[in-house]
Amino acid sequence: MPAPIRYVQDSPYFPPEVDVVVIGAGIAGAAAAYELAKKGVSVVLIEKGLVGGEQSSRNWGWCRQQNRDERELPLIIYALQRWDELAGETGEELGFRRSGLVYASRNQDDINAWEKWNQMAKTYGFSSEILTAARAKEMTPGSTTAWLGGVHSPTDGHAEPSLAAPGLAIAAQKLGAKVFQQCAVRGLDISGGRVSGVWTERGLIKTARVICAGGAWTSMFCRRHGIDLPLGNVIGTAFRTKPIEQAIALPLYTPGFACRPQMDGSYTMSVSGRGRLEPGAQGLRYARQFYPTFKARRKNLTLNLGLSPFFNGPEAFGRWQMDGTSPFEKIRILDPRPDMAMVQEGIDAMRKEYPAMGKIQLEQAWGGMIDSTPDAVPVISHVGKLPGLIISAGYSAHGFGIGPGAGRLAADLANGDTPIVDATPYRYERLVDGSGLNAPGMM
């Protein structure tokens with residue numbers, strides 16, 4: 001595990017029937033459960049492992065509007081508003097701070113892209129500061145690079161991955177939601193062509209509405225019911241340093257590393273855009289849809305080929321029965337190995353850029369599996385061919401910050417309420433009929 005995640009106590013009573021079942025207790029699922037409970041809906045949040053145990057505790061912790069795909073901007077703007085509200089509203093510490101984020105670069109193409117993006121974002125009411133070379137240097141005191149420029153988004157911030165999903169799950173419990181861990185959902189009960197319940201390893205829960213927020217496992221779960229969901233799983237690496245006298249005060253992105261200062265003097269770090277592909281049956285199934293993105297980002301991806309992903313984990317072949325062990329029970333928490341060469345590269349880049357932190361040391365590194373869509377925009381949507389099912393997945397390495405907004409949107413859809421934002425960009429059908437399946441925008 002990347003860090004000790006906050007413990008969530010299971011609810012005492014396993015109900016036979018509820019209004020909504022949420023599958024998957026990452027940030028999107030926990031937020032959906034909280035928003036549904038806030039609406040007065042009876043809801044169960046079910047997790048095969050631990051609340052927040054997979055990618056929701058393995059990310060950088062950044063909560064950013066800056067550099068988002070335009071299709072995500074309305075939802076992330078709302079999500080930042082919710083991050084501001086949630087600590088006071090729930091009484092739970094989620095670690096959110098409006099710290100601001102800084103990007104610095106020596107590449108004119110980067111700066112041009114940020115300037116173009118900023119002009120677009122102004123139409124949504126968001127504005128960031130394009131940094132001159134002098135201003136970029138001023139905002140990165142102690143750095144050695146003569147930056148060409150950068151961007152500062154003062155209203156962005158960060159939250160704590162080890163606290164956020166658990167805190168929202170506990171807040172949902174306070175409002176009457178029930179939470180069960182180490183309890184896989186094996187599949188859906190379907191009657192008359194629509195959802196009528198979920199089959200769990202503890203038995204059937206009757207419900208007419210299900211939100212599937214299963215992260216990297218979502219496509220496998222959907223295939224069990226004949227629903228084609230093109231997701232590509234990428235293994236990312238992040239790491240934490242030992243505490244040191246900090247020379248970087250704000251979350252910072254540079255071409256060589258990205259970091260988030262922690263209150264104890266350590267840093268959470270990664271190298272932006274880097275990942276590893278270990279394709280199995282699912283990777284081959286959707287290779288055509290992902291080839292354009294793979295081709296554009298090939299230099300930042302490592303490709304590892306082997307047989308194991310074809311038989312184990314979310315990329316694997318297979319069907320299973322509702323009264324038999326499912327793949328979700330065989331691997332309770334995905335824990336892929338980190339890329340230690342990338343970790344060393346990031347540490348070396350920080351030491352070179354900030355000589356004052358020349359003695360910084362690694363504390364821990366970890367891997368996480370990231371579920372991505374071909375256009376890098378999530379699916380938050382009803383599924384027309386199976387009424388009662390809502391998918392919330394495909395967050396494409398930038399889902400943590402948008403989590404509270406994604407949870408609210410999924411809750412609105414499940415409860416038949418007017419969506420908090422236009423849900424059209426997140427519709428499921430675009431992935432299978434090609435309508436509006438545009439190239440990925442800013443990441």
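How many salt bridges are there between domain 1 and domain 2? I looked this up at the outset and found a count of zero. The model I consulted is a predicted one.

**Entry: the division of the chain**

I then turned to the domains themselves. Domain 1 takes in residues 20-100 and 155-431 of the protein chain, while domain 2 is made up of residues 101-154. I looked up the separation of the two centres, taken over C-alpha atoms, and noted 27 Å.

**Entry: the extent of the interface**

The size of an interface is often given as the accessible area lost when the parts come together. For domain 1 and domain 2, I noted a buried area of about 2200 Å². Carbon and sulfur atoms give 60% of this area. On the side of domain 1, I found that Gln66, Tyr253 and Glu353 supply 27% of the area buried against domain 2, which is more than any other three residues supply. I also looked up the contacts, in which 27 residues of domain 1 meet 24 residues of domain 2.

**Entry: polar contacts and the side of domain 1**

Although the count of salt bridges is zero, I found 11 residue pairs in polar contact between the domains, both residues of each pair being at pLDDT 80 or more. I next asked which elements give two or more residues to the side of domain 1 that touches domain 2. They are α2 (73-90), β14 (252-253) and α11 (340-353). The largest share comes from α2, with three residues. By class, I recorded 12 nonpolar, eight polar and seven charged residues on this side of domain 1.

Definitions and conventions
Residues numbered from 1 in each chain as written. Predicted model: local features only at pLDDT ≥ 70, side-chain atom pairs only at ≥ 80, totals over all residues. Heavy atoms only, no water. Domains from an automatic or database assignment. Contact = heavy atoms within 4.5 Å. Buried area = accessible area lost by both parts, 1.4 Å probe. Salt bridge = Lys/Arg side-chain N within 4 Å of Asp/Glu carboxyl O. Polar contact = N/O pair within 3.5 Å; in protein donor to acceptor, adjacent residues only side chain to side chain. Helix = DSSP H or I, 4+ residues; strand = E, 2+ residues; numbered from the N terminus. Nonpolar A, V, L, I, M, F, W, Y, C, P; charged D, E, K, R; others polar.
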